[in-house]
Amino acid sequence: MGLLFCIVTALFFPGIILRVKSIASGRKGPGIFQPWKNIWVLLQKGNVISATTSFIFQIAPAVYLCTVLCAGLLLPFPGFSPVFSFEGDFVLFAYLLALGKFFLIIGALDTGSSFEGMGANREALYSMLAEPAFFILFGTLALLTGHTSMVGIFDAFRFTGPDTFIVGFISAYLLVQIAMIENSRMPVDDPKTHLELTMIHEVMILDHSGFDLALVHIATALKFGFYGGLIANFLLPVDWSLPVQIISFFVIQVLFALLIGFLESFRARKKLAKNPQFVFTLSSIALVAFILVLMITYKMLG
Amino acid sequence: MEERKYIELTGNPVIMELSDIPVLEYQEFRQLIDDLLKNERAHCLTYFVYPQRDRRQFICCMGMDVKHTILVFSHEQAAMNGLLLESITQRHFCFHVFEREIHENYGIGFIGHPWLKPVRFPFDRADQSITMNAYPFYSIDGEELHEVGVGPIHAGVIEPGYFRFICHGENVLHLEIQLGYQHRGIERNFIAKSTLLQRAILAESIAGDTTIGHSMAFGGLMETLGDQPVSPQMSLERAIALELERIAAHIGDTAAICGDIAYQFGQVVNEALRTIVINTTQRWCGNRFGKGLIRPGGAHYPLTPEIKLLILKNLAEVEGRFTQITGRMFTMPSVLGRFEAIGTVTAQQAKTIGAVGMAARSCGLMRDIRWSHPFGAFRDIQVDPVALPSGDVWSRTMLRKLEVDRSIAMIREFLERHDCMGATETPTNNMPLRQNSFALSLTEGWRGEICHAAITGDRGELVHYKVKDPSFHNWMALALAVRNQEISDFPLCNKSYNLSYCGNDL
């Protein structure tokens, strides 16, 4: 259920961001499905594979897409269990995505290009720094709700009093920021740039072409949809009726895409050297939430 | 005694008999340069070889910024291969690129020059064995260092240039810039093309974004050599065109800088404003970059009252909107974080490398030909150039904003003085040039000082032509700006200078 809706989201997600940015800059912009039309064109094309690469480079896009899809199987929908669910499944979710990223990174290193090496290095660094934030956040939520599976956490979390509102607000903020970092959006990365030296994600896939490139684009769009799904899951309560839930799920997703589009239109990107600092602050914010929950549950200062 | 060493000329453009250029002994020549460059407000305009049958005359022109004069002096050497001279660069680094050029073209060695690398690989270079693919890059050995090569095809598919970085992690230790891919033989073509019209078109194509700057320098030079000065009204029109070009280029660059820091709003607003300015030029002369507007002797497109009104109307709009967007830009923390203390070049560095124009003014070094060697209509107005001391990307972007404001004010002043009678002179194709003369013309294009020099022969024909675009000096500033910076800031630094590839390569 969750997977299905997230895939539907992923269909229009990149298009909305693109359209918002276009409109904010005074242009009409392409249709919502233009990114997918581009992917369709790429799918019909052949690959150009550099002679210096090994099989790693060729399997990387497929592995990347697979891991993202597998991670999607763990994604719940409010009130519905995902395909797989078990205690601590969020760890698997995070590391499945990390595995895909790992393959993309070694695929980039495989080309031997100095650009891709730099991009891989940056991507690895930011993912590594964002990881503690993600786990502290889920640890906090697990502590608060007493569940350790994603479906358990999301079902048990309710906005009941001021304390949960604070935790909820911090968590939603963190989830949005982590999603932006993991999906290489601003302010950490600039998906629009044509300058290899400033790229992060884009430069890693510089050597991929045709079908492989399409796989990477599909995986990236899905990943974005999944993170959006995670946020919607977190915010939506279980006890609403199904149609209301579905509508509000998509409303949240669209709002998320609009937010990203606007943020990217009206601000500048961060200086690359300041990025690690920025990413790391997310972990400290997560720690604040963690301590807060310790106090709420009387495990500290109790 | 002093009189004999050099000829001091006032005005701009200047002209003199070729035989009047003092010829010094090389030792004396070097000593003179030492003496002159002790004065901080002197800088080398151009230094080139005029080859004759059995000898080569090395002509050097020095600009005195405060006295508003140009000094001309030279030395002569026999035309033989393998000539070795003591390098001037070892004491005055700003000569490095001139000596490299001379070395490349004539095979003259300079003892003590740090590295006589090729500049642009001309077809008739002295050493045919060197090729573009075997450029002698500087390299540093080290376990932790890596090299990154960018180009020669630019990521934005603009002009070609090759950049080789030596990096320690994300930090740049050294950047070397290899140019020459755009070499078209402009200087030779000036001699080869016989009609004035052909040459005027050639001058317009030296650097497409500085069409007016270069064609003004060329026009001034020809009119001086042909002894047919244009009317004050014509000069006003040219000055207006030059300032329009400056405004358009500066606003366009501001847009590009915003693009590089991913500030989409600033980018699109400035792009739209640039379009208004270049479209104004188009309405005036039919070309957005001002091609065909400035021709020796006059203009095909007089400044009519309608054009005047259009310029005033568009400038008012551009001024308002540009003030608004820059006000927003320069107060936005995320933008300032990408501008401040990035790509810093000190005033001392700028002086050492002989930076000119914007690159110099953004480091607090006041170099502006409109002020130091005023030409045309700039003689009659008060030009007070802007200079900012910090030398970083912020300073270069802010300088653009301030210069746009000044240029708008200047155009208004020029337009007030212009009567718009439409009775200006038309271009001529027949302009006999004075024989055996040397002439030099300077203009301040939007990048900086543009220098054209010409020498005529016995029948008044062109025998030598020399062009110097500001980028010729300023590329070095970019190489210095990115030192100890992050490699990811290179595109931003590059854009903040926006130097010309083809102006350098000729």
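Predicted model: local features only at pLDDT ≥ 70, side-chain atom pairs only at ≥ 80, totals over all residues.
View 1. The contact draws on 20 residues from domain 1 of chain B and 17 residues from domain 2 of chain B; two residues are in contact if their C-beta atoms, placed from the backbone, lie within 7 Å. On the domain 1 side, strand 2 (14–17), strand 4 (42–51) and strand 5 (55–64) of chain B are the elements that give two or more residues. Strands (E, at least two residues) and helices (H or I, at least four) are DSSP runs, numbered from the N terminus. That side of domain 1 comprises 12 nonpolar, six polar and two charged residues. Here Ala, Val, Leu, Ile, Met, Phe, Trp, Tyr, Cys and Pro count as nonpolar, Asp, Glu, Lys and Arg as charged, and the others, Gly among them, as polar.

A word on reading these views: residues are numbered from 1 along each chain as its sequence is written, while chains are lettered from A and ligands numbered from 1 in the order in which they are written. Local features need pLDDT of at least 70 and side-chain atom pairs count only at pLDDT 80 or more, whereas totals for chains, interfaces and linings use all residues.

**View 2. Where chain A meets chain B.** Here 24 residues of chain A are in contact with 24 residues of chain B. The chain A side of this meeting place has eight nonpolar, seven polar and nine charged residues.

View 3. Look for Phe157(A) in the loop between helix 6 (150–156) and helix 7 (162–182) of chain A. Phe157(A) counts as buried because 21 other C-beta atoms lie within 10 Å; the cut-off for buried is 20 or more. Leaving aside neighbours within four places in sequence, Phe157(A) is in contact with Leu141(A), Thr145(A) and Phe234(A).

**View 4. An open three-stranded sheet in chain B.** The strand order is 9-10-11, with antiparallel pairing; two strands pair if DSSP finds at least two bridges between them. Strand 9 (145–150) and strand 11 (171–178) of chain B each have a single partner strand, so one side of each is left without a neighbour in the sheet. Strand 9 and strand 10 (residues 162–168) of chain B pair over six bridges, and Gly149(B) stands opposite Arg164(B) in strand 10 of chain B.

Methods. Buried ≥ 20, exposed ≤ 12 C-beta atoms within 10 Å, placed from the backbone.
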